[in-house]
Amino acid sequence: MKITIIGAGNMGGAIARGLAKGSIFAENEITCTAAGNATLQKLGAEHPQMNLTTDNVQAVAGADIILFAVKPWLMKEVIDQVKPYLAPDRSQLYISVAAGIPCQQLEEWIESYNVIRVIPNTAIEIGRSMTFISASDLSMPQMKLAEQIFSELGNTMVVPESQLAACTALASCGIAFAMRYIQASAQGGVEIGIKASDAQRIVEHTMIGAAELLLAKGTHPATEIDKVTTPGGITIRGLNEMEHAGFTSAVIRGLKECVR
Ligand SMILES: NC(=O)c1ccc[n+]([C@@H]2O[C@H](COP(=O)([O-])OP(=O)(O)OC[C@H]3O[C@@H](n4cnc5c(N)ncnc54)[C@H](OP(=O)(O)O)[C@@H]3O)[C@@H](O)[C@H]2O)c1
């Protein structure tokens, strides 16, 4: 099976690198394009068997899957460019990672219903993305293939398109919110006497531990919080002080702002 990634920048390049390490595509079954040679040379140095070209038209020939990863405002231009060279029966699978372009619009541009939208987050770079997969028809047979592909790059969830914006707020914007918590916590750690690099490492591993604990046990955060909040103890005092400053409310307001 052959995949062509149009636009091997941050997102497209991370997908290509992840897939090259995975089990679905051999390195030489992956073709990547970019506007200029610099991006492709970097990719080629890491993956010499990958097919790399600045020629989108040449790149789509013979592909089973075409994944568009250019900036949203370039999507129509790139689709128009390759359209005459797509399989005439549109039997290929077309995947878009472009934020904000609805399935219906992509289907019109490509003139195919074999269109899937995918929203990964930047942790895709290390194969730990939370990726959302959507389509006009969630029961289309190609959804399984998309899930299989993106499962090699982290965790996946199939969601109706109407929920994509909210999911993007939680995961794609959410990764920045999690980073800000790490930053704030490490900053506080310095004030209470831990050197910056140690404070950051402590918080990073605390976050990993918290998330993995919930994932492993399937518990609600409140249940785990209960276990560390001894009555009259220091954790509940710290937690309540954060709530007095509006912690939960600030997170919810931030998320709502992302979908406004
Ligand atoms: N970054 C994220 O967190 C994230 C999350 C979800 C979705 N997305 C989506 O991913 C897409 C790409 O974003 P990005 O952050 O990866 O942008 P990016 O790093 O700028 O990558 C875009 C790539 O497109 C290439 N390109 C530009 N014009 C082209 C053309 N005509 N033909 C072929 N390739 C062309 C660029 O080539 P050069 O390298 O030569 O300039 C670059 O490699 C966007 O649609 C965005 O909405 C991003």
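In this predicted model, helix α8 meets helix α9 through Leu 213, Leu 214 and Lys 217 on the α8 side and through Pro 221, Glu 224 and Lys 227 on the α9 side. Sorted by class, the residues of that contact comprise three nonpolar, no polar and three charged ones.

**Helices α8 and α9**

- Helix α8 covers residues 196-217 and helix α9 covers residues 221-228, and their axes come within 10 Å of each other while crossing at roughly 120°.
- The handedness of the crossing between α8 and α9 is right-handed.

**Helices α7 and α11**

- The axes of helix α7 (residues 164-191) and helix α11 (residues 247-258) cross at roughly 140° and come within 10 Å, and the two helices are therefore oblique to each other.
- Where α7 passes α11, the crossing is right-handed.
- On the α7 side the contact involves Ala 169, Leu 170, Cys 173, Phe 177 and Tyr 181, which meet Phe 247, Leu 255 and Cys 258 of α11.
- By class, the contact of α7 with α11 consists of eight nonpolar residues, with no polar and no charged ones.

**Helices α4 and α5**

- Helix α4, formed by residues 75-82, packs against helix α5, formed by residues 103-110, at an angle of about 30° and with the axes 9 Å apart, which means that α4 runs roughly parallel to α5.
- Met 75, Lys 76 and Ile 79 of α4 make this contact together with Leu 106, Trp 109 and Ile 110 of α5.
- Five residues of the contact between α4 and α5 are nonpolar and one is charged, while no polar residue takes part.

**Surroundings of the ligand**

- The ligand is surrounded by 23 residues, of which Asn 10, Met 11, Gly 36, Thr 39 and Val 70 are the closest.
- A backbone N or O atom of Gly 9 is placed 3.0 Å from an oxygen atom of the ligand, and a polar backbone atom of Ala 35 is likewise 3.0 Å from an oxygen atom of the ligand.
- For Pro 72, a backbone N or O atom lies 3.5 Å from an oxygen atom of the ligand.

Key: Residues numbered from 1 in each chain as written. Predicted model: local features only at pLDDT ≥ 70, side-chain atom pairs only at ≥ 80, totals over all residues. Heavy atoms only, no water. Axes fitted to C-alpha atoms, helices over the stretch in contact; angles between N-to-C directions. Helix = DSSP H or I, 4+ residues; strand = E, 2+ residues; numbered from the N terminus. Parallel < 35°, antiparallel > 145°, perpendicular 65-115°, else oblique. Contact = heavy atoms within 4.5 Å. Nonpolar A, V, L, I, M, F, W, Y, C, P; charged D, E, K, R; others polar. Left-handed = near helix turned anticlockwise from the far one by under 90°. Near = heavy atom within 4 Å. Polar contact = N/O pair within 3.5 Å; in protein donor to acceptor, adjacent residues only side chain to side chain.
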